[in-house]
Amino acid sequence: TIEPHIPNSQGDDSRVHVCWRPDASLCAVSTVDVVDQTRRIRTYKRESLELNSVGRSEDGSGKVVPNLLPQIAWASGGCSNLLASVQQKGKRTQQVVFFEPNGLRHRDFPLR
């Protein structure tokens, strides 16, 4: 199970992290919100810098994905529809999580 919120001090430096999609059509930004101290990933359109999506749970609940760590990266060229990040699961376990351009979380795998 994933705890609802692990305090920021555990591996999160609270800095802003930015990553461009390989075709440069979208920019992903990982930030910690001041209101609830939860890290969120937002994607913006290149042309207008309009918000494209916010990382959300894939279960349709619209919940923000909890316990994200700062790292973000788009998949390379041929598969640039996925954005990867790392999620803390408990105190010792982390998993790589993937997001679609629409912000929905889509699959994961554990790190050992």
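**Aromatic contacts and their setting**

F109 has a relative accessibility of 38% and therefore counts as partly exposed, a class lying between buried (under 20% relative accessible area) and exposed (over 50%), with a 1.4 Å probe on protein chains only. The model is predicted, so local features need pLDDT of at least 70 and side-chain atom pairs pLDDT 80 or more, while totals for chains, interfaces and linings use all residues. Residues are numbered from 1 along each chain as its sequence is written, and side-chain values use heavy atoms, without hydrogens or water.

The structure holds one aromatic pair, meaning rings of Phe, Tyr or Trp (its six-membered ring) with centres within 6.5 Å. The partners are F98 and F109, with 6.0 Å between the ring centres and 40° between the planes. The pair is tilted, the class left between stacked (planes under 30 degrees apart) and edge-to-face (over 60). F98 belongs to strand 7, residues 93-99, and F109 to strand 8, residues 105-111. Strands here are DSSP runs of E of at least two residues and helices are H or I runs of at least four, numbered from the N terminus.

With a relative accessible area of 34%, L104 is partly exposed, as is F109 at 38%.

The charged end of R21 sits over the ring of W74, at 5.8 Å from the ring centre; the criterion is NZ of Lys or CZ of Arg within 6 Å of the centre and within 35 degrees of the ring normal.

The wider chain can now be described. The protein chain has eight strands and zero helices, which gives the pattern β-β-β-β-β-β-β-β when read along the sequence. Of its 112 residues, 41% count as buried.

A24 is located in the loop between strand 1 (17-20) and strand 2 (26-32), and A24 has a positive phi of about 65° although it is not a glycine. A24 is partly exposed, at 26% relative accessibility. Q37 is located in the loop between strand 2 and strand 3. Phi of Q37 is also positive, near 60°, in a residue other than glycine. The relative accessible area of Q37 is 35%, so Q37 is classed as partly exposed.

Cysteines are the next point. The structure holds zero disulfides, a disulfide being a pair of cysteine sulfur atoms within 2.5 Å. C19 is in no disulfide, and the nearest cysteine sulfur to it, that of C27, is 7.9 Å away.

T43 is placed in strand 3, and its relative accessible area of 3% makes it buried. T43 and A28 are 15 residues apart in sequence, yet their C-alpha atoms are 4.3 Å apart in space. L69 lies in strand 5, residues 68-74, and is buried, with a relative accessible area of 7%. The C-alpha atom of L69 is 5.8 Å from that of Q87, at a separation of 18 residues along the chain.

The contact of R21 with W74 is instead that of a charged end over a ring.
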